[in-house]
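Work through the exercises below with the structure open beside you, and try each task before reading its solution.

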Amino acid sequence: MTVFVLVHGAFRGGWAWSRVRRLLAAAGHEVHTPSLTGMGDRRHLTVEPPTLDTWALDIANLLAEEDLRDVVLAGHSLGGVAIAAAARRCADRLARLVFVDAPEPLPGERAAGLLGPVPDLPRDLWLPAKPLDPAADESLDPATVAWMNARLCPTPLGPSLDPMPEQTEASSAVPREHVFCTGTPPGYPASVTLERLRAAGAPYRCIDSGHDAPLSCPAELAALLTG
């Protein structure tokens with residue numbers, strides 16, 4: 001039995017991992033799919049805009065309160081930034097980090113700046129969610145797109161403006177895995193991490209899916225997480 005904590009990406013909540021969660025749970029694993037502050041079922045928490053460290057604490061506190069150990073901590077898309085920041089707070093509870101079509105900013109880098117200069121934007125800005133177009137991702141059926149559109153929520157910009165903190169010796173030693181989706185359009189921040197891995201000759205895996213693999217290819221992704 002493995003303990004999984006699965007973290008969603010921008011405009012989403014814990015629900016984005018629901019299909020993978022059910023498959024992993026049916027196989028006997030323990031699975032947690034928290035929503036980050038201000039998103040998903042916690043979308044009402046907007047009075048104090050979250051920081052990157054708020055999201056790191058969301059994850060680290062869950063692991064501590066539930067006394068979770070040897071955790072496989074996975075983050076999809078913007079969730080990769082959250083798990084990278086969380087690792088420095090809970091490295092002793094982690095078995096490995098898995099970045100699913102997600103960027104892994106280097107210490108001092110900001111997620112918002114991975115693809116180029118960042119304009120001067122207010123930290124308390126919330127980015128509105130745009131409905132997904134069923135034709136934009138052939139790996140998602142129209143019913144799933146409609147289900148997602150009913151749940152998409154604004155995303156706070158602040159965490160993407162915060163620099164990635166320096167890793168501790170313990171967090172740097174946590175094994176990392178990277179999975180990329182072959183159908184993700186150009187211009188996603190994950191492409192920066194992919195190019196860095198290629199340049200370094202580092203391993204990574206791919207899944208034949210659009211960006212929302214946790215919903216479009218849950219069985220394949222669950223197999224990769226457990227493999």
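**Exercise 1.** Which residues in H2 meet which residues in H3? Find them, and then describe how the two helices pack.

*Solution.* The model is a predicted one. Begin with the contact itself: from H2 come Leu52, Asp53, Trp55, Ala56, Leu57, Ile59, Ala60 and Leu63, and these meet Val81, Ala82, Ile83, Ala85, Ala86, Arg88, Arg89 and Cys90 in H3.

Next, turn to the geometry. Two packed helices are described by the angle between their axes and by the distance between those axes. For H2 and H3 the angle is about 60°, and the axes lie 8 Å apart. The crossing of H2 and H3 is right-handed.

**Exercise 2.** Which elements each supply at least two residues of the largest nonpolar core? Locate that core and its residues with the most contacts.

*Solution.* The largest nonpolar core holds 34 residues, and Ile59, Leu73 and Leu94 have the most contacts inside it. At least two of its residues come from each of strand S1 (3–7), helix H2 (52–65), strand S3 (71–76), helix H3 (79–90) and strand S4 (94–100). H3 gives the largest share, 8 residues.

Now take Leu73 as an example: leaving aside residues up to four places away in sequence, Leu73 touches Val5, Val7, Ile59, Ile83, Leu94, Arg96, Leu97 and Val98. Apart from this core lies another, of 19 residues, which includes Trp17, Val20, Val31 and Leu224.

Technical notes:
Residues numbered from 1 in each chain as written. Predicted model: local features only at pLDDT ≥ 70, side-chain atom pairs only at ≥ 80, totals over all residues. Heavy atoms only, no water. Core = buried A, V, L, I, M, F, W, Y, C linked by side-chain atoms within 4.5 Å. Buried < 20%, exposed > 50% of the residue type's maximum accessible area, 1.4 Å probe, protein only. Helix = DSSP H or I, 4+ residues; strand = E, 2+ residues; numbered from the N terminus. Contact = heavy atoms within 4.5 Å. Axes fitted to C-alpha atoms, helices over the stretch in contact; angles between N-to-C directions. Left-handed = near helix turned anticlockwise from the far one by under 90°.
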